[in-house]
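The following note sets out points for a colleague who is reading the model alongside its sequence.

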Amino acid sequence: MHSGNHTALSHFVLVGLHHPPQLGVPLFLAFLVIYALTVSGNGLIILTILVDTQLHRPMYWFLCHLSFLDMTISSVIVPKMLAGFLLDSRVISFGGCVIQLFSFHFLGCTECFLYTLMAYDRFLAICKPLHYATIMTHNVCNFLAFGTWLGGTVHSLFQTSFIFRLPFCGPNRVDYFFCDIPAMLRLACADTTINELITFVDIGFLALTCFMLILTSYGYIVAAILRIQSISGRRNAFSTCAAHLTVVIVYYVPCTFIYLHSGSQEPLDGVVAVFYTVITPLLNPIIYTLRNKEMKASLWRLGGRRDVQPH
């Protein structure tokens, strides 16, 4: 298709998840509960870390960032989805679509960088414990956290501008439940081969690089843990790292499926996308609180139970 004379679209219609009409209200209630639990759970983690001075350490500072990202990603996607279930309000303005796509990729890329940074933090804490305090200082910690946000901004600006430089002249039905790159490329009135290639290379390079850095960090971490003589010390180290690795796997596998597999979007893509945009932000606070004794003890103290101590 060519990008000659065309009528610019003022809005798009989000088709949403394919479901029987009678399931609209049950799905609305289910996703509303998930969203409420996601916001409250991640908000509780942020509050606990900010209030409890015993958690004012780099590991929990990064966890605080992760909880904010999860809470915000869910807020970018779920409210519009809920409106589609109950009110059949699936129209989104062109500008709203641009903002949604930018916000989602900005937050998602920032989270990708943050997972890598958290792995590096665990590498320093376990493999270089004597130098950890001098390397991961307060200023360094803030600088690295700021770098993840800056990296996410640059990535999302690039992707968003490259997508919406294309002409959109109709149809305006987005066969998805939010404005995302693969769905928007299908609506462009121009050849999208270059965009598809750049999206594959850009996201693939970032995801692969971050994932390999995480695996490298945990390769050193596992080797260091196996050298620990104390069984309890080895168990504690494994428990802390297992939570992070679980979250990383839950994050990377669906994203890889969506952006790096060939073929057009199918119903399975929507199911996978729901998992990493709606379910994963809910799982993160559960994983970190259930597997982290310090977090559980801090939550008890926040609730007034002073007798609970991490061990």
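**Notes on the predicted model**

1. Strand E1 (residues 11-14) runs parallel to E3, and two bridges join the pair. Between E1 and E2 there are three bridges, and these two strands run antiparallel. In general, strands of a sheet pair through backbone hydrogen bonds, in either the parallel or the antiparallel sense.

2. Individual residues can be assigned to these pairings. Val-13 has Val-91 as its bridge partner in E2, and Val-13 also stands opposite Arg-173 in E3. For Leu-14, the bridge partner in E3 is Val-174.

3. How do the axes of H3 and helix H5 (residues 138-163) cross? They come within 7 Å and cross at roughly 140°, and the crossing of H3 past H5 is right-handed. Two packed helices are described by the angle between their axes together with the distance between the axes.

4. The contact between these helices can be described by residue. On the H3 side, the residues include Val-98, Leu-101, Phe-102, Phe-106, Phe-113 and Leu-117. On the H5 side, Leu-144, Trp-149, Gly-151, Gly-152, Leu-157 and Thr-160 are among them. By class, the residues of the contact of H3 with H5 divide into 13 nonpolar, nine polar and no charged.

5. Which space is left inside the model? Rolling a probe the size of a water molecule over the atoms shows where empty space is left. The count comes to three cavities of 30 Å³ or more. The largest cavity holds about 310 Å³ of space.

6. The lining of the largest cavity has 21 residues, and those nearest its centre are Gly-108, Cys-109, Tyr-251, Cys-255 and Tyr-259. Two or more lining residues come from each of helix H2 (58-86), H3, helix H7 (193-226), helix H8 (231-260) and helix H9 (267-291). The lining of the largest cavity comprises 14 nonpolar, five polar and two charged residues. Cys-109 lies near the centre of this cavity and also belongs to the H3 side of the contact with H5.

7. The second largest cavity contains about 120 Å³ of space. It is lined by 12 residues, of which Gly-16, Lys-80, Met-81, Gly-84 and Arg-90 are the closest to its centre. H2 gives the most to the lining of the second largest cavity, with four residues. Six nonpolar, four polar and two charged residues make up the lining of the second largest cavity.

Methods
Residues are numbered from 1 along each chain as its sequence is written. This is a predicted model: local features need pLDDT of at least 70, side-chain atom pairs count only at pLDDT 80 or more; totals for chains, interfaces and linings use all residues. Side-chain values use heavy atoms; hydrogens and water are left out. Two strands pair if DSSP finds at least two bridges between them. Axes are lines fitted to C-alpha atoms, for helices over the stretch in contact, and angles run from 0 to 180 degrees between N-to-C directions. A crossing is left-handed if the near helix is turned anticlockwise from the far one by less than a right angle, and right-handed if clockwise. Contact means heavy atoms within 4.5 Å. Ala, Val, Leu, Ile, Met, Phe, Trp, Tyr, Cys and Pro count as nonpolar, Asp, Glu, Lys and Arg as charged, and the others, Gly among them, as polar. On a 1 Å grid over the protein atoms alone, a cavity is a set of points where a 1.4 Å probe fits but cannot get out, and a pocket is an open set with protein on both sides within 12 Å along at least five of seven lines; lining residues have an atom within 4 Å of a point. Grid points are joined across faces, edges and corners, and a volume is the space filled by probe spheres set on the points.
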